[in-house]
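Subject: Handover of a structure, with findings

Dear colleague,

Please find below the structure that I am handing over to you.

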Amino acid sequence: MDPTQYFQPRTFSIKLWPPSESTRIMLVERITKNLSSESIFSRKYSLLGKQEAHENAKRIEELCFASADEHFKREPDGDGSSAVHLYARETSKMMLVVLKKGPRTSAELEAPVADTPLAPADTVLDISGGKRAFIEADEAKELLSPLTKPGNSYKRICFSNRSFGIDAANVAGPILESVKNQLTEVDISDFVAGRPEDEALDVMRIFSKALEGSVLRYLNISHNALGEKGVRAFSELLKSQESLEEFYVMNDDISEEAAKALSELIPSTEKLKILHFHNNMTGDEGAMYIAEMVKRSPNVESFRCSATRIGSDGGVALSEALGRCTRLKKLDLRDNLFGVDAGLALSKTLLKLPDLVELYLSDLNLENKGTKAIAVALKQSAPQLEVLEIAGNEINDKAAPALAECLAAMQSLKKLTLAENELKDDGAVIIAKSLEDGHTDLKELDVSTNMLQRVGARCFARAVTNKPAFVQLNINGNFISDEGIDEVKEILKAGKKSLDVLGSLDENDPDGEPDDGDDEEEDEDAEDNEDELDSKLQSVKVEQDD
């Protein structure tokens, strides 16, 4: 992600600074690709859509250019070499900041540039760039020296991706304490990696003590394998926070005990707007304490509790608690074990969330019954929804009519993910029909791995081929014949979209056929004709769902 490679001296004549307009445009394109393409960083943090990535890329380039240009004006030798280095270095740092922040809600995307989180370099001290590295006392003193300068205006610090030992922490502690009253945002995610537990806990205590009493709006303590001990090591800092608006505790081994500690230690969450617990080991018991925090956070607009091992009981408790958060715009509960009962509880909560614009419910074991209840609720409460992900929920054609009615009402939809379900052609025909009229903002449709054949693939191609904003159709992992693929391509070419919108087909099996059923409890009369057997098995499953 280091853009230094794009600023080789041979591309400039006489002076290295300023870069040409074409070079600046090229850098924006490269940043956009880095923010929107799969990489080691996007897998660890998050991936942005192309439009949001491009907007961030332009903003990053403008800020870094302005900073480097100001530096160039003060440069004694005047050849621009150090300005180029600063330009590249700050660009890398800001890209990482954006990836860690993750995709923003639509409401945030509409905010003016002046309100966005990135700021000029003299208000942000970010030492996270480069390879992850251990730092000791001498390096800590050098890296944090800008904070010791009289009259500095630093408000945001990011120490992520640097592992502090006890000696480095003892250097950092007094420096942080000297500026804590001016700090508003602190990112100390992933800052003790590879340290022995006892040393890591001592480092956390030092940072916690140093920052106690600061009035923060943003705090990120993710990727630190905290557990209960780590949470309590931050006791002094957490207890002093009453104005947090954004709180990130992702990938932190938040067990039941750790969740209980968090709930006890944070005195006030009434101002919270963003609360993220992604990738923890919370489970049902821990979810009860997270639910208590959620109940005390009525102003939350973005809540993420994905991949946290929460089952039915915890899912019900969390769903009911979310009913207090009537300002929610973004809700991400993916990759948990909710099941049907939690899905039903969630459907009741969704009726209370009129501002929702992004909803992520993939891999929750919702099945048909939970999915239908959620679809009915969304049709009533969230016609303005822009993103709906409901992949991997064992949804078949029996839930398709309810989904179709819901989708027909969602004319602002930009992204729909129904991958890894069991729609088959019967379900595909119904859902595709609901997308044909309107939906002018639709950009992405993912119906991969749904046992689709020729008919279903054609229907989805017809549904999107004339959408003006459409960019990606994913029908991979299905059983579409070669003739069916050719027909899909012809449909796309005949419409307003080119073949560029068609995703990879490397996992499509043109010679395969859908399974007749996916229940092990098949009828003994399985020798009857395939259509009749398929109908019987689907009927059995619907009865179980109901």
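The notes below describe what was found, beginning with the whole chain and then turning to single elements.

This is a predicted model, in which local features need pLDDT of at least 70 and side-chain atom pairs count only at pLDDT 80 or more, while totals for chains, interfaces and linings use all residues. Residues are numbered from 1 along each chain as its sequence is written, and side-chain values use heavy atoms, with hydrogens and water left out.

The whole chain

The protein chain holds 20 helices and 15 strands. These elements are DSSP runs numbered from the N terminus, helices being H or I runs of at least four residues and strands being E runs of at least two. Of its 546 residues, 55% count as buried. Here buried means under 20% relative accessible area, exposed means over 50%, and partly exposed lies in between, with a 1.4 Å probe and protein chains only. The chain exposes about 23700 Å², of which carbon and sulfur atoms supply 47%; accessible areas come from the Shrake-Rupley method with a 1.4 Å probe, and for residues only the protein chains shown count as cover. Among contacts (heavy atoms within 4.5 Å) with a separation of 6 or more, 85% are accounted for by residues 24 or more positions apart.

Helices side by side

Two packed helices are described by the angle between their axes and the distance between the axes. The axes are lines fitted to C-alpha atoms, for helices over the stretch in contact, and the angles run from 0 to 180 degrees between N-to-C directions. Angles under 35 degrees count as roughly parallel, over 145 as roughly antiparallel, 65 to 115 as roughly perpendicular and the rest as oblique.

How do helices H13 and H14 cross? The axes of H13 (residues 312–322) and H14 (residues 339–350) come within 8 Å and cross at roughly 0°, which makes H13 roughly parallel to H14. On the H13 side the contact is made by Ser312, Gly315, Val316, Ser319, Glu320 and Leu322, and on the H14 side by Asp341, Ala342, Ala345, Leu346 and Thr349. Glu320 counts as exposed, at 52% relative accessibility. Its C-alpha atom is separated by 8.9 Å from that of Lys295, 25 residues apart along the chain.

H14 also has helix H15 (residues 367–381) beside it, their axes coming within 8 Å and crossing at roughly 5°. H14 and H15 are therefore roughly parallel to each other. Residues of H14 in this meeting include Val340 and Leu350, and those of H15 include Glu367 and Ser381.

Helix H18 covers residues 454–464 and contains Val455, which is partly exposed at a relative accessible area of 36%. Among the buried residues of H18 are Cys459 and Phe460. The buried residues of this helix pack against helix H17 (424–436), strand E14 (444–446), strand E15 (472–474) and helix H19 (482–494).

Positive phi values

Most residues other than glycine have a negative phi, and most peptide bonds are trans. Ala307 has a positive phi of about 55° although it is not a glycine; its place is in the loop between strand E9 (302–304) and H13. Lys424, in helix H17, has a positive phi near 55° as well. Ala307 is buried at 14% relative accessible area, and Lys424 is buried at 14% too.

Salt bridges

A salt bridge is a side-chain nitrogen of Lys or Arg within 4 Å of a carboxyl oxygen of Asp or Glu, and by this rule the count comes to 28. Asp202 and Arg205 form one of them, at 2.8 Å from N to O; both lie in helix H8 (residues 197–211), 3 residues apart, about one turn of the helix.

Another joins Arg217 to Glu246, with the closest N and O atoms 2.6 Å apart. Arg217 lies in the loop between H8 and strand E6 (218–220) and Glu246 in strand E7 (residues 246–248), so the pair ties together parts that are 29 residues apart in sequence. Arg217 is partly exposed at 25% relative accessible area, whereas Glu246 counts as buried at 8%.

Yours sincerely
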